Amino acid sequence: MKISKYLGKYNFIDYYTKPKGLWFFSIQEIESKLESDILFYKNKKKLDNSNFDDVYDEDDEESFDEGSEIDSYEFYKEYKESNPIDQNKNNIYITQGNIIDKESRKHIINSNNEVKNHYDLEKKFKNKTNEQQAKKTEELITKNESIIIFQPVFIYQNLITKPDALIKKGNQIKIVETKGTTTAKFVHYLDLFFQMNVIESQGYLKNLDFIYDYELCLIEYNFLNKNLVSLQTTPYINLSKAVSFPDFSKKGITSVNEITKIKNEIKKGIPYSENLEALKIKDLMYSNFNTLQSNIECSTSGQSKKKYTNAYEIVKKINEEFRIVITELEKHKRKLTDESVPIFEPSINDKSPIKNCDYFPIERKLYSLMGYNLYDYSCL
């Protein structure tokens, strides 16, 4: 395995969404170990003359809900980060991610057409070190009154982050993170919260007294021709694993266009309720929980009240334990060696309240082959 000098946002996200045995391993390493472990235990079951079909069903389908969109752009970025040379153009997610990457840059430029200066740090400084790229980022920010920087680099102590875009206008800085989904998801909060802690810790930025904002660039939920994609930005977030929609027929809404418009707003973090307010990413990151607490009080259903109460407790915990998490990740990283391999065993992170582990459907099959009681496991 290749161990990076710095901790990045994917390490931080993994702390909350992957079993500890998978931290710091690449997509390829995890998938390869999953495949080999399943093959090993399948063969072991057959040798033990077990009724294999009762334990493992090749046709077992995992059901997915509105929150389970596959984020091809995130796969693309994470793969590219661990494989800077081999871009694996035959992988469908890499292909889709590349399209979203290009279209999101066009969208960001068009949405900020008054900013004429654009700089693609990833492209122009491709062969430079992270430290050199971070220095170039500092130079671009401090020497330009307005600029859009794609893939700027920020390093603080043992942490590194590379947001998709930074937009500077005078004393205002906006960080835009692109996601290949139609929904502003809870897990995206982890992404931007990590970035805020690294970016706003930069000494040169503190001295310049900037005003910050944070947004997600998401796929617009609408109907387009094949291979076309429409994007939009949102400063809001959904603090749940999956979004739900009202019964439009009961509300007398029958127009497909109107229903699509409302669904798109809900997916972008705008509640379809007069009693509830949209949760702004920046407010939550700065521990301004007024809107979240108001939604708890104004919720008209027990389910909604419980959802916002749980979200408040989780976000508050994430905000308070940032340094503890970083220390835990660093400690775990120091134990790993070049010969370390992913370890699969049931964990509360397999089905965390923020996001199910990406590998959970396959993990579940592996755990059954390993002899874990799935009924007990589901209660974790």
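**A salt bridge, a sheet and a ring cluster**

By salt bridge I mean a side-chain nitrogen of Lys or Arg within 4 Å of a carboxyl oxygen of Asp or Glu.

Quick word on what you're looking at. This is a predicted model, where local features need pLDDT of at least 70 and side-chain atom pairs count only at pLDDT 80 or more, while totals for chains, interfaces and linings use all residues. Residues are numbered from 1 along each chain as its sequence is written, and side-chain values use heavy atoms, with hydrogens and water left out.

Back to our pair. Lys136 and Glu139 both sit in helix H7 (residues 130-143), 3 residues apart, about one turn of the helix. When I say helix or strand, I mean a DSSP run, numbered from the N terminus: H or I with at least four residues for helices, E with at least two for strands.

Is Lys136 buried or exposed? Lys136 is buried, with a relative accessible area of 16%, whereas Glu139 is partly exposed at 32%. The cut-offs are these: buried is under 20% relative accessible area, exposed is over 50%, and partly exposed is in between, using a 1.4 Å probe and protein chains only.

How many salt bridges are there by this rule? The count comes to 21. Another one joins Lys20 and Glu328, whose closest N and O atoms are 3.1 Å apart. That pair links distant parts of the chain, 308 residues apart: Lys20 is in the loop between helix H1 (9-17) and helix H2 (27-47), and Glu328 is in helix H14 (residues 322-335). Lys20 is partly exposed at 39% relative accessibility, and Glu328 is partly exposed too, at 22%.

There's also a network of salt bridges, made of Lys9, Glu177, Lys179 and Asp191. Inside that group, Glu177 bridges to Lys179 with 4.0 Å between the closest N and O atoms, and both of these residues are buried.

Let's zoom out. The protein chain has 16 helices and 10 strands. Of its 380 residues, 50% are buried. Contact here means heavy atoms within 4.5 Å. Among contacts with a separation of 6 or more, 69% are between residues 24 or more positions apart.

Now the sheet. What is the strand order? It's an open sheet of 6 strands, S1-S2-S5-S6-S7-S8, with mixed pairing. The edges are strand S1 (118-120) and strand S8 (231-234), each pairing on one side only. Two strands count as paired if DSSP finds at least two bridges between them. As a general point, strands of a sheet pair through backbone hydrogen bonds, either parallel or antiparallel.

Let's walk across. S1 and S2 run parallel over 3 bridges, and His118 has Ile148 as its bridge partner in S2. S2 then pairs with strand S5 (residues 165-169) in the antiparallel sense over 5 bridges; there, Ile149 has Leu166 as its partner in S5. Strand S2 (residues 146-150) is mostly covered, with 4 of its 5 residues buried. At the other end, strand S7 (residues 211-219) and S8 are antiparallel over 4 bridges, and Cys217 stands opposite Thr233 in S8.

Last stop: aromatic rings. Rings of Phe, Tyr and Trp (its six-membered ring) pair if their centres lie within 6.5 Å; planes under 30 degrees apart are stacked, over 60 edge-to-face, and the rest tilted. By this rule there are 13 aromatic pairs. In one of them, Phe12 and Tyr16 have ring centres 5.6 Å apart and planes at 75 degrees, so that pair is edge-to-face. Both residues lie in helix H1, 4 residues apart, about one turn of the helix. Phe12 is buried at 0% relative accessible area, and Tyr16 is buried at 9%.

Phe12 has another partner, Phe322: centres 5.3 Å apart and planes at 55 degrees, so this pair is tilted. Phe12 is in helix H1 and Phe322 is in helix H14, so the pair ties together parts that are 310 residues apart in sequence. Both Phe12 and Phe322 are buried. And these rings belong to one aromatic cluster, formed by Phe12, Tyr15, Tyr16, Trp23, Tyr189, Phe193, Phe194 and Phe322.
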